[in-house]
Every structure is written in structure tokens, then in C-alpha cells.
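Hello,

Here is the structure we talked about. Please look through it first, then read the notes below.

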Amino acid sequence: MNEEQRKLNDQAKPFKPLQPTKDYSAYFQAPSLKDAKKRGKEEVEYEKFNINPQFEGMGNGRKFLIRTFGCQMNVHDTEVMAGIFESLGYEATEDVNEANVILLNTCAIRENAENRVFGELGHLKPLKTKNPDLLLGVCGCMSQEEAVVNKILKTYDQVDIIFGTHNIHKLPDILHEAYMSKEMVVDVWSKEGDVIENMPKVRNGGTKAWVNIMYGCDKFCTYCIVPYTRGKERSRLPQDIIQEVRELAAQGYQEITLLGQNVNAYGKDLDMDYGLGHLMDELRKIDVPRIRFTTSHPRDFDDYLIEVLAKKGNLVEHIHLPVQSGSSSMLKIMARKYTRERYLELVAKIKKAIPDVALTTDIIVGFPNETEEQFEETLSLYREVGFEMAFTYIYSPREGTPAAKMQDNVPMDVKKDRLQRLNAVVSEYSAKSLEGYEGKIVEVLVDGESKRNKDVLAGYTRRNKLVNFRAPKEVIGKLVKVRVTDVKTYSLNGEFIGVVEKVEV
Ligand code: 5AD
Ligand code: SF4
């Protein structure tokens, strides 16, 4: 962190909960959405992670458990925190009764995600009474919200630690503080920190690995809390990403997913003419069978990236391209910075360059004052693009965002009805996208046992189609060939043919 950021963090300090329930002498700092909104010009520093020798062995004889809510970014942050715990000597456990530290890595994107976390805190409370030495922590996106931290301070005194998304690398110091003081430790930075390299990781995705390429988001869509909880856009240096992917390839990983809240803005903050297209062009030369990225923003999706993706090889034919709405007037109020026409032009360009591309999307229905006409424009756009799958949501007001202040004349039952109508179209198009697959041979990366039936294995094709089939468990983590025998609405069934020995990259 540079001097300027340190000052801003310090300014965020004079925060006082309304009704303190504990002694706060040990807390460091609490979040401020006002500070989190600021975007400064200060340089991002690149630092290397190391464990202070003073903390070595802190976890010997102790166990940790992390519950993860939300998106892939959180899943990967959990892998980093698990790496830090294990470097400190802690052992992982799945059993809340034997854990010495429990962390909830939280999501703030919608209200129901937050409610699940508060429910979980309630369930865990009796454990604190049984085991007073247990440390219970809340981290992730919810910790970055003032209102959430206030609520925890006021009503959830079973919580010992609150820290945010910007200081994960400080976990050893935070744990140390919690052990020393035994008071609630609140250490949330409102200003993003630096880019920390060399973080230890315990990867949990089998032969699939997540790789961060950038942090934060500067788009400020009017409904979204992410720019506040994840800070300004900061790209990792290309050489650090390429090195990480090379190492993962050498370790036998089969699929890499590049992560960022808005990966198409990759490189904009670096002082060089280098974007996601350039990065993908270098990564495609690495001997790893599949490379994906998520999540894209249509506004920054440039022609060079399309040109590189069309070279295929290990770059898969699946693009997740959140549209949010099919109405230009609604997109304007959402501050998405593109129109329906501009989105359709982009889709046309992508389809021309990659005719077999699978496009998927995110859509919000029931944004404040959304009219029936505007909603129908979303349905018509869905059909026009022919999306193969979508994540669909009812708008959820997020405190501190511009949309949360808008008057809303759309009743909840209308919103629910729109979601249902949209989901019917999503099902229809998912089924349509699978129609031609019967009898075809597809390449599947095997994730593991199917969630519904332990005797069946499940995995995904390059185009992100879920395939279920019977095969020996030894093929888990491998690329296999499967002949499709049966087409469902959202998935394919097939028969195992054999393992793919060598994938040409
Ligand atoms: N309400 C509902 N959905 C939201 N998303 C983001 N913010 C909100 C909100 N306030 C959705 C968007 C985004 C996805 C990750 O979550 O569709 O693309
Ligand atoms: Fe949120 Fe994505 Fe918009 Fe960023 S681009 S503000 S993460 S919806």
C-alpha cells in the first residue's frame, strides 16, 4: 500500500458502532462505502507475500474451516486463505465441531446471499458457547459494507473477526491479533490494497484451476455493489499470470479459468499497450488443453480479442457475456454503457469469427420501473442472440448504490412473473442448443461423480455443456470422449468411449 492509500485507510478509521456490545480497543478499521467509491490515480504496487517468521507454527494442532458463498472470485479467495492457513500449520476440516477457526467468506451481490450468511451465523452461535476458544470470522464482500459491519457489531457478538477482500494477505496478523486480544477484531480496508503475488493456494478444483488476472471493477453499473466491495481495477502483470499458468500446465492441470470482475478491462491500468487479447494470444501457446475466462463486459470486448479467440486451440468456444437487459433505455439507467444495437453488433462479430461459439449471459428482471415493453425487449433479445444458457435474477436493491435510491413502481409479483417467463425462454433455448448433439462424440473434462447419482460421472464440454455418463472413477480429472445417447433440457447423457491421450494445442 502506498502513502496515499494508507492515509485514506486511516481516514476511514473513526467509525463508531451505534450500540457497542464489546470492548473495541483491538479493532483496527471499519469500512466506508464513501471511501470505497473513490477512484484515485495512485500507482498500484506489486508485492510478494511472505509469512512473518513470528507467526510460523501458529496453527500447529489447530484446524480451520472456510464456508464459501458467491462467485468464483470468492471460491478462489478461499483457496488462497486455505493456503495461508496451511502455511501457518493449520489443518483443514469439514467438521464444525472440531474446527478451531471458522470463516464465512461472504457474498454481497443480492440480499438473499446476505441473509444466508446471517442465518449461518445464527446456526454457529451454539458452537461458541460449547467451545469458547473457537474463532468465528466473517470475510469477503459483506465485510466491506458499513451496514453489515454495523449489524454484526450490534447483534452478532459470537463473531470474533471481520476482515474484507483487500487484506486477505494479512490473515496471519489478523489471527494473531484475535488470539492476543480476545476482543472482536475488525480490519476492513475501504481502499483497495496492492497486488500481492506468490500467495499460497490450496486448489480444490481437481484438474481445473482458477487464475486471477485482475481485481476490482470501475464500471459502477447502478445496481451493483461490486465496485465498492472489490475496489478499483488492478491488473496483475502479464509475466506473473503467464508464469502461473505455465506452472499449472506443468503440474498437469487440464483447464484454466482466468478470473476478474470485468476481464475485458484487463491491462487498462498497466502502462503498456496490452489487453486481454494479447494475454490470450500468449496463453494459447502454453500446453494446457483448455483456457476460459469470466466475466466479460460487452463494452470493453474488442476486435483483437475476437481475432485471437478465433484461433481456438486451447481457447474454448464459450463466452459468457452478461447483457442484463435487452432494452436500450433500461441499459442506460443501469449505466451499462452500451445499447441493445451495440450488443447485437458485438454478438454478430463474435459469431462471424467463431461460428460454433456458445454464448451465455446474465439478466436482471424487475429493475426499478421496468415496463412490460422493456421486459419484452429482453425476451426478444434473448431469442435474437439464441443464448444457450443464462443466470437470471430479480433485481435486489444494494444499499449505497444509485439504483437503491430510485423509486420503484414494479410490484414483486410482477417481477416474479417476469422471471418465470424469462426462465421459460431460457429452458426452451437450452433444449434447442442441445438438439443436434444426439449421436455426436464430445470431449468432456470429467469433474467427478454426478450430484444426483454417485454411480454416474459428470463433466463439461469446451462449449460448457454438462454431460453425464458411466465410466471408471479413474477418469475423474481427465479429458475423455463420450458418445451422446440422450438429450435433456439442460444436459446430455452419453456412453464413455475412452480417455483422450494427447490434446493438440
Ligand atoms: N440485483 C440482482 N442481480 C444483480 N447482479 C448484480 N447486482 C445485482 C443486483 N443488485 C447480477 C448481474 C451480474 C451477476 C453476477 O449478478 O446479472 O452479472
Ligand atoms: Fe458489477 Fe459487473 Fe457492472 Fe462491474 S461490470 S459494476 S461487477 S455488474
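**Notes on the model**

The largest nonpolar core has 59 residues, and those with the most contacts inside it are Ile256, Leu258, Leu279, Met280, Phe301 and Ile350. A nonpolar core here is a set of buried Ala, Val, Leu, Ile, Met, Phe, Trp, Tyr and Cys residues joined through side-chain atoms within 4.5 Å. Buried means under 20% relative accessible area, exposed over 50%, and partly exposed in between (1.4 Å probe, protein chains only). A second, separate core has 33 residues, including Ala36, Leu65, Ala113 and Val159.

This is a predicted model: local features need pLDDT of at least 70, side-chain atom pairs count only at pLDDT 80 or more, and totals for chains, interfaces and linings use all residues. Residues are numbered from 1 along each chain as its sequence is written, chains are lettered from A and ligands numbered from 1 in the order in which they are written, and side-chain values use heavy atoms, with hydrogens and water left out.

Next, the ligands. Around ligand 1 are Ile109, Arg110, Tyr223, Gln324, Asp362, Ile364, Tyr393, Ile394, Tyr395, Ser396 and Arg398 (a residue is near a molecule if one of its heavy atoms lies within 4 Å of it). By class, this shell has six nonpolar, two polar and three charged residues. Ala, Val, Leu, Ile, Met, Phe, Trp, Tyr, Cys and Pro count as nonpolar, Asp, Glu, Lys and Arg as charged, and the others, Gly among them, as polar.

An N or O atom in the side chain of glutamine 324 is 2.7 Å from an oxygen atom of ligand 1. For the side chain of aspartate 362, an N or O atom is also 2.7 Å from an oxygen atom of the ligand. Serine 396 uses a backbone N or O atom, 2.8 Å from a nitrogen atom of ligand 1. Of the 410 Å² of accessible area that ligand 1 has on its own, the protein covers 87% (Shrake-Rupley method, 1.4 Å probe).

The shell around ligand 2 has seven nonpolar, two polar and two charged residues; among them are Cys217, Cys221, Cys224 and His297.

Finally, the backbone. A cis peptide bond joins threonine 294 and threonine 295, with omega at about 5 degrees. Phi is positive, near 50 degrees, in phenylalanine 220, which is one of the residues around ligand 2. Asparagine 369 has a positive phi too, near 65 degrees, and counts as partly exposed because its relative accessibility is 34%.

Regards

How values were computed:
Polar contact = N/O pair within 3.5 Å; in protein donor to acceptor, adjacent residues only side chain to side chain.
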